[in-house]
Amino acid sequence: MIRIAKLAEIEQIMVITRACANKMTSEDIFQWNNIYPNKEAFQKDVVRNELYVLLSESYIIGCIVISSEKDPEYSEIDWLTRDSTHYYIHRLAIHPDFQKMGYGKKLMDFAEELARKNKVASIRLDTFSQNHRNQKFYETREYSRLGSIFFPNQSEHPFYCYEKLF
């Protein structure tokens, strides 16, 4: 089941994102760290009703942010569509114990169905240039890679921006 997250669940979500960060670090993918993702970002997401959780039985095993707000870093990208109504995906995470079971696909299917239902022009997102598995995941879903941005607090390496039209 996928539903809107609650403020009281942020600690559980942080456990998931920390576990993901540790797993990525063990694979030499330095995408997330002790600065990002953080509680403050998730709190804002909850207040804006943009943070969703994925449950297996009664346990939160993953999350996704589906936002309609464009981050300033995205202004540098030559997007496929003009700025209008778009969704921006952030902080997609599946606890490592549940990865490679189709749950990331389930969250993206949910986001894409929400985009169709709400008639947004596209979904935009970024993924770390050193995370080849994520790049393949989005490219298989027919997202087009359009350019690079940098988050200096996270890495010296770029993040690739993707867009899928609806």
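Buried means under 20% relative accessible area, exposed over 50%, and partly exposed in between, with a 1.4 Å probe and protein chains only. Helices (H or I, at least four residues) and strands (E, at least two) are DSSP runs, numbered from the N terminus. This is a predicted model: local features need pLDDT of at least 70, side-chain atom pairs count only at pLDDT 80 or more, and totals for chains, interfaces and linings use all residues. Residues are numbered from 1 along each chain as its sequence is written, and side-chain values use heavy atoms, without hydrogens and water.

Strand 4 (residues 86-94) has 8 of its 9 residues buried, so the rest of the structure largely encloses it. Two strands pair if DSSP finds at least two bridges between them. Strand 3 (residues 59-67) pairs with strand 4 in the antiparallel sense, over 5 bridges. Gly-62 has Ile-94 of strand 4 as its bridge partner. Strand 5 (residues 122-128) runs parallel to strand 4, joined by 4 bridges. Here Ile-89 stands opposite Leu-125 of strand 5.

## Aromatic pairs

Rings of Phe, Tyr and Trp (its six-membered ring) pair if their centres lie within 6.5 Å; planes under 30 degrees apart count as stacked, over 60 as edge-to-face and the rest as tilted. The count comes to 10 aromatic pairs. Trp-32 and Tyr-36 are edge-to-face, with ring centres 6.5 Å apart and planes at 75 degrees. Phe-137 and Tyr-138 are also edge-to-face, at 5.1 Å centre to centre and 70 degrees between the planes.

Phe-137 is partly exposed at 25% relative accessible area. Tyr-138 is buried at 5%. Ring pairs link Phe-137, Tyr-138, Tyr-143 and Tyr-162 into a cluster.
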